[in-house]
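Hi,

Here is the structure I promised to pass on. Have a look at it first, and then read on for what turned up among its charged side chains.

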Amino acid sequence: MSDGTGSQLDFFSRFAPCLVCVESRGRDGELGVGTAFHIGDGYLVTARHVIEARELVSLTPYESSAEISLESVEIIYPSDETVDIALLRTDFSLDSYMKSDVILTNGPVNNKVDHIEIGGHLDDWINNSLVLMEVIVMGYPPIPTSPEPVLVATRGEVNAIIDPYVGSKHPIFVLSPMARGGFSGGPALTGNGFLLGVITSSLLTNHAAPELGYGVALTVEPLWNLLLENKIYPGSGNRQLMGELFGLPDNLPAPVRGPSSPKPVHLGEGCFGEPPF
């Protein structure tokens with residue numbers, strides 16, 4: 001692994017605690033699995049289709065001591081319905097992990113982190129200079145014969161960048177790692193650990209299986225927009241960059257974890273998107 005993040009195992013060990021397995025149930029009763037990741041102060045990012053019009057069954061962090069109460073969850077969607085991301089306000093916290101000497105794998109953990117920092121590449125800045133850039137995808141695709149969800153990490157590269165003529169109004173990164181259901185909502189990270197984009201629905205034709213399509217990640221500007229719309233400034237590193245990118249005042253306030261009045265999680269209104277798997 002390049003750019004100062006240490007070995008491959010160290011990279012996985014650093015960012016794994018920020019990952020959460022999302023289990024949901026559709027109206028047909030079928031369970032589905034997707035992924036979410038922590039951007040600071042209890043806020044998780046996932047793909048909209050992972051949870052919209054579905055019942056949230058569980059949120060299981062990689063770090064077992066960082067429990068998440070479903071009663072704490074508030075779901076926030078972008079005003080633009082074509083954007084396949086969602087924000088979960090929760091009581092998730094890695095404070096005890098950050099203060100402990102716990103090592104979650106057999107390798108060292110240099111410079112522990114408690115959230116993933118969002119990249120500063122706004123739509124107008126994206127061009128083909130990013131093609132063949134290293135990318136690391138993390139998520140929870142179901143693995144046959146595994147009795148429990150397993151966090152999977154795979155390394156690849158950006159193969160192409162497209163401006164789709166349907167759906168997203170923002171650039172999409174076409175990635176070399178194979179598209180697999182369950183990765184949806186997970187982070188595509190750069191080699192130095194910044195968020196390149198959010199894994200969304202595979203690009204398919206004729207309703208084929210996700211594995212037959214292209215794996216893609218939606219770029220970060222719609223996520224920044226969602227945070228700005230709701231005046232949410234999570235994660236110290238993200239707050240600082242947010243201020244620099246959008247000319248906001250210094251010392252933006254850190255949000256309070258969890259909603260002020262806990263809300264139950266229901267099946268949403270509207271049509272089902274692509275199931276998480």
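D84 is buried and yet has no salt bridge; R48, the nearest side chain of opposite charge, is 6.4 Å away. Buried here means under 20% relative accessible area, with exposed over 50% and partly exposed in between (1.4 Å probe, protein chains only). A salt bridge needs a side-chain nitrogen of Lys or Arg within 4 Å of a carboxyl oxygen of Asp or Glu. As for charge, Lys and Arg count as positive and Asp and Glu as negative, while His and the chain ends are not counted.

Before the rest, two notes on the source. This is a predicted model, where local features need pLDDT of at least 70 and side-chain atom pairs count only at pLDDT 80 or more, while totals for chains, interfaces and linings use all residues. Residues are numbered from 1 along each chain as its sequence is written, and side-chain values use heavy atoms, with hydrogens and water left out.

Back to D84: where does D84 sit? D84 is in the loop between β5 (74-76) and β6 (86-89); strands (E, at least two residues) and helices (H or I, at least four) are DSSP runs numbered from the N terminus. A polar atom of the D84 side chain lies 3.0 Å from the backbone nitrogen of R48. Leaving out residues up to four places away in sequence, D84 touches T46, A47, R48, H49, T200, S201 and L218, where contact means heavy atoms within 4.5 Å.

Now for the charges that do pair. The structure holds six salt bridges, and here are some of them.

- R239 and D41 meet through their side chains at 3.0 Å, N to O. The pair links distant parts of the chain, 198 residues apart: R239 is in helix α5 (residues 236-246) and D41 in the loop between β2 (31-40) and β3 (43-46). R239 counts as buried because its relative accessibility is 17%, and D41 does so because its value is 16%.
- R89 and E74 form a salt bridge at 3.7 Å, N to O. R89 belongs to strand β6 and E74 to strand β5, 15 residues apart. Both R89 and E74 are buried.
- R155 and E134 form a salt bridge at 3.9 Å, N to O. R155 lies in strand β9 (residues 152-162) and E134 in strand β8 (residues 134-139), 21 residues apart. R155 is partly exposed, at 47% relative accessible area, and E134 counts as partly exposed at 22%.

Best wishes

Conventions
A polar contact is a pair of N or O atoms within 3.5 Å; within protein, one must be able to donate a hydrogen and the other to accept it, and residues adjacent in sequence count only if both atoms are side-chain atoms.
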